[in-house]
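The following note is meant for a colleague who is opening this structure for the first time. Please read the numbered points with the sequence and the model side by side.

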Amino acid sequence: MEQIKSRTTSSKPRPALRLVKTKAMPREEWLAVRKRGIGSSDAAAAVGLSPYKSQLELWMEKTGRDAALPKADAQDEESPLYWGNILEPIVAAHYTKRSGNRVRRVNAVLQHPSAEFSWMLANIDREVIGADDVQILECKTAGINGARLWKEGVPEYVQLQVMHQLAVTGKQAADVAVLIAGQHVEIHRIERDDFLIGRLMRLEQQFWHYVTTDTPPPADGSASAEQALRTLFPQDNGETLDFSQDSSLSAAFAELQAVREILSTHEKREAQLKQTIQQAMGDATKATFETGSVTWKKARDSESVDLKRLLQDHPELQAQYTAIKPGSRRFLIA
């Protein structure tokens, strides 16, 4: 097992409180409980280090503004969430077989024992029983796309998730068992690091201040933040704002103009280089170079409905099957 080194202090942390039991709790109710604090799976997003979710999107969830945001469907068989839930018991059973450590479910939302950090919550996949060196098991699954994040060990966002669990529970170590691409299991040990935990708690506290003061955190340039902004501000009101005296926003706008000019130049050069190679290849399928290769293949023919001709032949269908697609705001520089 790969082990992540720890830095611990001599003071013994207190065990977590059991906020609510979850054994028979409906998923909707469980999600509502999670809005009362920062859970372990929220940790990376709360400190701006999640590859999937921005601080802004997480803030919208915690403040109840997430109704219009896309949600993962736990029953969708194409969803990683679905297969993660299905495979979790299998990963846990294989962990026991591989390590010899027995595990059991913890059917509760756990809460940090300190009143100052009572907003720190945690759900843990399994508790490790009877082992002196490890107390928590976190089960993960990684598909073909997600597997790349595990090439160098436990991804940072999972390390933060586990460190949050250790902070809440007061435990000393956790094992992360991950099933990669459905056929390869790795087990990684993460030990408590009180220095990192202290830093994580301070950063999470800053995020929780955004929630309690109803102040949105700054957007970070991610696709998640883009989606959050579109959901927060879906309509424009026709008003014109004058930011000419705001030096910070004026500087941001000037930099945006400069960056777009650079991108435009690079995009034009990219197209020219690509066309130079295509012209040299002619009818060839593949070309190799000193540093790599390219292919230029014809895609398979596909069939589609000629909608224009269909409506010409049957104009009555236009009104019968018309659907309104909601418009979205466009950001244009003048």
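Predicted model: local features only at pLDDT ≥ 70, side-chain atom pairs only at ≥ 80, totals over all residues.

1. Arginine 309 and aspartate 306 form a salt bridge, with 3.6 Å between their closest N and O atoms, where a salt bridge is a side-chain nitrogen of Lys or Arg within 4 Å of a carboxyl oxygen of Asp or Glu. Aspartate 306 counts as partly exposed, at a relative accessibility of 41%; in this note buried means under 20% relative accessible area, exposed means over 50%, and partly exposed is what lies in between, with a 1.4 Å probe and protein chains only. The structure holds 15 salt bridges.

2. Residues are numbered from 1 along each chain as its sequence is written, and side-chain values use heavy atoms, with hydrogens and water left out.

3. Helices (H or I, at least four residues) and strands (E, at least two) are DSSP runs, numbered from the N terminus.

4. The domain assignment, whose bounds come from an automatic or database source, gives domain 1 (17-229) and domain 2 (243-283). Taken over C-alpha atoms, the centres of domain 1 and domain 2 are separated by 38 Å. The unreviewed UniProt entry carries the annotation "domain: YqaJ viral recombinase" for residues 29-172, and such annotations may be inferred rather than shown by experiment. In the model, the span 29-172 is 36% helix and 14% strand, and its end C-alpha atoms lie 30 Å apart.

5. An open sheet of three strands has the order E2-E4-E5 with antiparallel pairing, and two strands are said to pair if DSSP finds at least two bridges between them. Its edge strands, each of which pairs on one side only, are strand E2 (17-21) and strand E5 (121-122). Strand E4 (residues 108-111) and E5 are held to be antiparallel partners over two bridges, and glutamine 111 has leucine 121 in E5 as its bridge partner.

6. Strand E10 (residues 286-289) and strand E11 (residues 292-295) pair in the antiparallel sense over four bridges, and they form a hairpin with two residues between them. Within this pairing, threonine 288 has serine 293 of E11 as its bridge partner.

7. Two backbone angles deserve a careful look. Most residues other than glycine have a negative phi. Alanine 181, however, has a positive phi near 55 degrees; alanine 181 sits in the loop between strand E8 (173-180) and strand E9 (184-191) and is partly exposed, with a relative accessible area of 44%. Aspartate 214 also has a positive phi, of about 55 degrees, and is placed in the loop between helix H6 (194-212) and helix H7 (223-232), where its relative accessibility of 41% makes it partly exposed.

8. Leu241, Phe243 and Leu249 make a nonpolar surface patch of about 300 Å². Patches consist of residues with over 30% relative accessible area and no salt bridge, with like charges joined within 9 Å and nonpolar side chains (Val, Leu, Ile, Met, Phe, Trp, Tyr) within 5 Å, and accessible areas come from the Shrake-Rupley method with a 1.4 Å probe, where for residues only the protein chains shown count as cover. Phenylalanine 243 lies in the loop between H7 and helix H8 (247-281) and is partly exposed, at 45% relative accessible area.
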